[in-house]
Amino acid sequence: MDYDKALDSALKRLHDEGRYRTFIDIERRKGAYPNAVWRRPDGTEKDIVVWCGNDYLGMGQHPTVLSAMHEALDATGAGSGGTRNISGTTIYHKRLEAELADLHGKEAALVFTSAYIANDATLSTLATLFPGLVIVSDELNHASMIEGIRRSRAEKHIFKHNDVADLRRILQGIERGRPIVIAFESIYSMDGDVGPIRAICDLAAEFGALTYLDEVHAVGMYGPRGGGVAEREGLMDRIDIFNGTLAKAYGVMGGYIAASAKMVDAIRSYAPGFIFTTSLPPAVAAGAAASVRHLKTDQSLRDAQQLNARILKMRLKGLGLPIIDHGTHIVPVHVGNPVHCKMLSDMLLENFGIYVQPINFPTVPRGTERLRFTPSPVHDARHIDHLVRAMDNLWSHCALNRAEASA
């Protein structure tokens with residue numbers, strides 16, 4: 001086997017399809033976000049504005065978070081020193097889990113190194129805890145949920161996206177008495193649409209199923225304390241297991257589940273993805289706890305973020321751009337071609353100092369490639385105006401190129 005040739009072939013396919021992913025070297029500067037510096041491969045630098053970050057509320061720069069991290073770093077050092085079972089549990093981890101349990105109105109929470117690992121480890125372990133388990137999953141669930149379900153080896157069924165009638169059809173076909181988990185999301189990050197949480201909970205009650213809700217793109221962002229869409233809609237008590245992240249609205253790193261004490265204890269005791277992984281550094285746990293605590297009371301950041309999202313959507317729609325608008329903070333602009341999507345991204349960066357990564361297959365289906373903007377409270381009117389003018393300029397240019405190519 002010519003391994004190098006096989007690797008060359010695999011990478012060439014990505015380049016030929018226009019979906020080879022490139023990383024740009026950016027330097028975030030404390031207190032300046034969303035402004036940053038792009039370090040080009042030739043060593044030169046360019047000032048840029050980050051428009052695709054997941055630090056939705058700018059909490060990665062918040063003084064409260066940084067102070068908590070400095071305090072923990074000075075007190076404990078850099079790393080946790082081991083897995084949670086072997087010297088890796090500190091007061092900072094316990095405080096964080098207490099904050100998260102309180103956030104979702106649950107008895108307990110369990111912190112993982114990422115929300116991806118939390119989904120994968122938890123969903124893959126549920127079949128061990130509930131023999132004969134059937135998992136019913138929304139077709140647009142995140143890759144981490146798909147992977148966890150696959151590794152569980154449980155019987156699985158996929159229902160059409162946000163289609164409650166199709167979910168009912170599937171549930172009716174499952175033998176009564178079998179354990180069932182319905183896995184879905186509150187906000188689907190590629191289009192920004194919202195899951196029908198109440199209707200799914202009603203079906204779960206009717207068919208005796210557990211509910212597993214991924215609130216990764218909603219925690220910190222929605223609800224009076226940032227508990228997510230389920231909190232906003234008064235449905236937290238109807239969700240059996242929450243999954244969330246500390247790396248988006250909370251601006252730090254890590255993921256978690258929140259559930260009953262028994263459920264959390266069982267996952268903690270059986271999930272290899274938790275048992276055999278070094279725990280978060282204490283400073284990271286401290287910063288995350290401070291961020292969660294702060295956003296339980298700071299509605300102003302959520303309001304400012306939502307206002308900026310509405311303004312950006314309104315102005316891009318005014319240009320006639322194909323905006324996908326489901327009323328959430330995600331602002332996707334549909335491009336529909338990987339080459340054009342990458343070209344727009346490159347030109348925004350080089351010509352206008354605007355950084356937004358193209359979203360291509362397999363993150364989204366072929367033909368639905370897009371640019372996804374994530375406005376935050378720290379994007380100001382000048383940032384928005386600059387972005388809108390750049391998109392107006394480049395969209396017309398790309399439309400002309402598309403027309404010439406098809407002629």
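Me: Where is Val364 found, and what makes Val364 count as buried?
Reply: In this predicted model, Val364 is found in the loop between strand 15 (358-359) and strand 16. Buried means under 20% relative accessible area. Val364 has 2% relative accessibility, so Val364 counts as buried.

Me: Which residues is Val364 in contact with, leaving aside its neighbours within four places in sequence?
Reply: Val364 is then in contact with Met190, Ile359, Glu369 and Arg370. As for Asp191, its C-alpha is 9.6 Å from that of Val364, while the two residues are 173 apart in sequence.

Me: What joins Phe361 and Pro362, and where is the place of Pro362?
Reply: A cis peptide bond joins them, with omega about 10°. Pro362 is in the loop between strand 15 and strand 16. Tyr33 and Pro34 are also joined by a cis peptide bond, with omega about 15°; Pro34 is in the loop between strand 1 (25-28) and strand 2 (35-39).

Me: Why is the pair of Trp51 and Phe373 called edge-to-face?
Reply: The count comes to two aromatic pairs. In the pair of Trp51 and Phe373, the ring centres are 6.4 Å apart and the planes stand at 80°. Centres must lie within 6.5 Å for a pair, and planes over 60 degrees apart count as edge-to-face. The pair is therefore edge-to-face.

Me: What parts does the pair of Trp51 and Phe373 tie together?
Reply: Trp51 lies in the loop between strand 3 (45-50) and helix 2 (63-76), and Phe373 in strand 16 (residues 370-373), so the pair ties together parts that are 322 residues apart in sequence. Both Trp51 and Phe373 are buried.

Me: What makes the aromatic pair of Phe112 and Phe274 edge-to-face?
Reply: The planes are at 70°, with 5.5 Å centre to centre. The angle is to be set against the cut-off of over 60 degrees for edge-to-face. Phe112 lies in strand 4 (residues 108-112) and Phe274 in helix 10 (residues 272-275), so this pair ties together parts that are 162 residues apart in sequence. Phe112, at 3% relative accessibility, counts as buried, and Phe274 is buried with a relative accessible area of 7%.

Me: Why is helix 2 called roughly antiparallel to helix 11?
Reply: The axes of helix 2 and helix 11 (residues 282-295) come within 8 Å and cross at roughly 150°. Angles over 145 degrees count as roughly antiparallel, and that makes helix 2 roughly antiparallel to helix 11. The contact includes Val65, Ala68 and Met69 of helix 2 and Val284, Ala286 and Ala290 of helix 11. By class, its residues divide into 10 nonpolar, five polar and no charged. The crossing is right-handed.

Me: What makes helix 4 roughly parallel to helix 5?
Reply: The axes of helix 4 (residues 115-129) and helix 5 (residues 143-152) cross at roughly 25° and come within 7 Å. Angles under 35 degrees count as roughly parallel, and that makes helix 4 roughly parallel to helix 5. Among the residues making the contact are Tyr116 and Leu123 of helix 4 and Met145 and Ile149 of helix 5. The contact has six nonpolar, five polar and three charged residues.

Me: How do you know whether Arg153 counts as exposed or buried?
Reply: Exposed means over 50% relative accessible area. Arg153 has 79% relative accessibility, so Arg153 counts as exposed. Arg153 is found in the loop between helix 5 and strand 6 (155-159), and its phi is near 60°, a positive value in a residue other than glycine.

Note on methods: Residues numbered from 1 in each chain as written. Predicted model: local features only at pLDDT ≥ 70, side-chain atom pairs only at ≥ 80, totals over all residues. Heavy atoms only, no water. Axes fitted to C-alpha atoms, helices over the stretch in contact; angles between N-to-C directions. Helix = DSSP H or I, 4+ residues; strand = E, 2+ residues; numbered from the N terminus. Parallel < 35°, antiparallel > 145°, perpendicular 65-115°, else oblique. Contact = heavy atoms within 4.5 Å. Nonpolar A, V, L, I, M, F, W, Y, C, P; charged D, E, K, R; others polar. Phe/Tyr/Trp six-rings, centres within 6.5 Å; stacked < 30°, edge-to-face > 60°. Buried < 20%, exposed > 50% of the residue type's maximum accessible area, 1.4 Å probe, protein only. Left-handed = near helix turned anticlockwise from the far one by under 90°.
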